[in-house]
Amino acid sequence: MKQLPSYSKLEELGLQAKKRHLASLFNDDTDRFTEFSAKLPGLVLDYSKQNVTQEERKTLLNLAEEANLSEWINKLFSGEKVNHTEDRAAGHTALRDLKNPKPEVKNEWSKMEALVDRIHTKQLRGFSGKAITDVVNIGVGGSDLGPLMVTHALKGVRTPHAPELHFVSTLDGKQLQRVLKTLSAETTLFIVASKSFTTIDTLSLAKTAKEWIEAYSTTESGTMQHFIGVSTNAPMMKEWGLLPEHQLLFWDWVGGRFSLWSTIGLTIALQQGMQGYMAFLQGANEMDEHFRNVPFEDNVAVLLGLISVWNINFLNLAGQAILPYDSRLKYLASYLEQLVMESNGKHVTRSGEKVDYRTCPILWGEVGPNAQHAFYQLMHQGTERVMADFILYAQAHGNTERHTFHHNLNIANCLAQSRALMVGQKGENPHKDYPGGQVSNTLLFDKLDAKHLGMMIALYEHSVFVQSVIWDINPFDQWGVELGKKIAMEILEKIESKDTSNLDSSTQGILETIWNTQNEN
């Protein structure tokens, strides 16, 4: 990045920007919103509360051109192997191309639709002949975070035929046991979601679920009526015993954190019906078309990505807060943590050279009203300078007078916080001083439904891609995740053999303390 011509100019502009107060930009331009906002049908991005001027924005757009962003966008959508360390494409956008779907994608849609129809019409029955009423999704990472976030957000608008959905991801087993205590083995279906179908966390939980069904079922065929597999690994699904009609595929060109657009999104289709699931894909596809075709100066995904680069690399902001003002987006921050930090948490360029600039924010968040009584204190009066995304919806969730009141109060809280962070306030003593100057975006969507939620997720995906192009890193691998898995298996062998040789003293000490405690009890 540093070799790009605009970099040095942005460094100079950044030094100037650090000296000014954000509120002064509004004093200089009373119609700043018009100049520093962008939109497409269903969405407005307001970035007027960013500490950026027209000159700085123009230079950022020049930086994008110098980094060949247009070329990289074409590579992404044309199916080139942009994930060079794993020698594969990143084809998640092809999963939501409704006009020209890949034949293999279209085939899996048909298989999904058949399963959804069987469950909705009570035709999928368990070992005792009773219809399925509850579905438990077993998966970790992308096989859990995306479907969990989306189905929680859209729970209030689910199809009337939808089963109850449950999600299990923690390996300690307590989460699964709590869920099983509330369910009937006769009417429960498990979705075993794993890209490789070798992930020990997922398969261990799946084995426990299978043993639970086997305690009631008298036949193997009856037991397997209660399981659906979703994976890239058809042979392993077959080996596990899954029925052919209960196997859904996706492909190695679909990264785990992008897999909710694939058959991993089966729970979304079960909740929303295939029509609702297709609306979810349609919203993402509309964002794809916007990203591909709209000039950078009006492109919401490009602008969102470039503003992050400006904040991270030239204003030295390390933290990013995701602040949705809608309780239905309870799991959004967790989902975006994986999308952003697993994608861009890299320390080498595409050519393998170590970077000498920051490449990723530390991202966290919470539903706005809860966050106001938690970490907003740091944002208003702490020593950390933080960038934030406020997410808001124009339409209320309900049409009664009480719904309208609560919605207006929610809007007031959101706008008050972004304004307070921006302007600050001088108090009668130092304890009541609010420095202000904290930057933020506001993303205003028409409403929270499947289509607009798909649009929002795709927006963040593309903004992450824009950042990766500027930073010259590969956002589609995740080798840092693999090391911990490898060492975990090595330590598991040590635990089973009660052998602590060749381990560091910390790990040895903890294991020996655990064993001593277990022996005492």
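## A buried phenylalanine in a loop

Phe 197 is buried, at a relative accessible area of 1% (buried means under 20% relative accessible area, exposed over 50%, and partly exposed in between, using a 1.4 Å probe and protein chains only). Its place is the loop between strand 5 and helix 9; helices (H or I, at least four residues) and strands (E, at least two) are DSSP runs, numbered from the N terminus. Phe 197 is not a glycine, yet its phi is positive, about 55°.

Before going further, keep in mind that this is a predicted model, where local features need pLDDT of at least 70, side-chain atom pairs count only at pLDDT 80 or more, and totals for chains, interfaces and linings use all residues. Residues are numbered from 1 along each chain as its sequence is written, and side-chain values use heavy atoms, with hydrogens and water left out.

## The ring cluster

Rings of Phe, Tyr and Trp (its six-membered ring) pair if their centres lie within 6.5 Å; planes under 30 degrees apart count as stacked, over 60 as edge-to-face and the rest as tilted. The structure holds 18 aromatic pairs. In one of them, the rings of Phe 190 and Trp 212 stand edge-to-face because their planes are at 90°, with the centres 6.1 Å apart. Phe 190 sits in strand 5 (residues 188-193) and Trp 212 in helix 9 (residues 200-214), so this pair links distant parts of the chain, 22 residues apart. Both Phe 190 and Trp 212 are buried.

Phe 227 and Trp 240 also form an edge-to-face pair, 5.4 Å centre to centre with 70° between the planes. Here Phe 227 belongs to strand 6 (residues 227-231) and Trp 240 to helix 11 (residues 234-240), so parts 13 residues apart in sequence are tied together. Phe 227 and Trp 240 are both buried too.

## Charges over rings

Rings can also have a charged neighbour. A charge sits over a ring if NZ of Lys or CZ of Arg is within 6 Å of the ring centre and within 35 degrees of the ring normal. Arg 32 lies over the face of Phe 36, 4.0 Å from the ring centre. Likewise, the charged end of Lys 75 is over the ring of Trp 72, at 4.1 Å from its centre.

## A buried arginine

What does Arg 350 touch, leaving aside residues up to four places away in sequence? The list is Trp 72, Val 82, His 84, Asp 472, Ile 473, Asn 474 and Pro 475, where contact means heavy atoms within 4.5 Å.

Arg 350 is buried yet has no salt bridge, and the nearest side chain of opposite charge, Asp 472, is 4.6 Å away. For the record, Lys and Arg count as positive and Asp and Glu as negative, while His and the chain ends are not counted. A salt bridge is a side-chain nitrogen of Lys or Arg within 4 Å of a carboxyl oxygen of Asp or Glu. What Arg 350 does have is a polar atom of its side chain 2.9 Å from the backbone oxygen of Val 82.

## Salt bridges elsewhere

How many salt bridges does a search of the whole structure find? The count is 23. One of them joins Asp 87 and Lys 81 (3.5 Å, N to O), and Lys 81 is exposed, at a relative accessible area of 52%. Lys 130 and Glu 186 form another, with their closest N and O atoms 3.3 Å apart. That pair links distant parts of the chain, 56 residues apart: Lys 130 is in the loop between helix 6 (103-120) and strand 3 (134-138), Glu 186 in the loop between helix 8 (174-181) and strand 5. Both ends are partly exposed, Lys 130 at 43% and Glu 186 at 24%.

Lys 426 and Asp 433 also meet in a salt bridge (3.4 Å, N to O). Lys 426 is exposed at 70% relative accessible area, whereas Asp 433 is partly exposed at 21%. Elsewhere, salt bridges that share partners join Arg 96, Asp 288 and Glu 461 into one network.

Note on methods:
A polar contact is a pair of N or O atoms within 3.5 Å; within protein, one must be able to donate a hydrogen and the other to accept it, and residues adjacent in sequence count only if both atoms are side-chain atoms.
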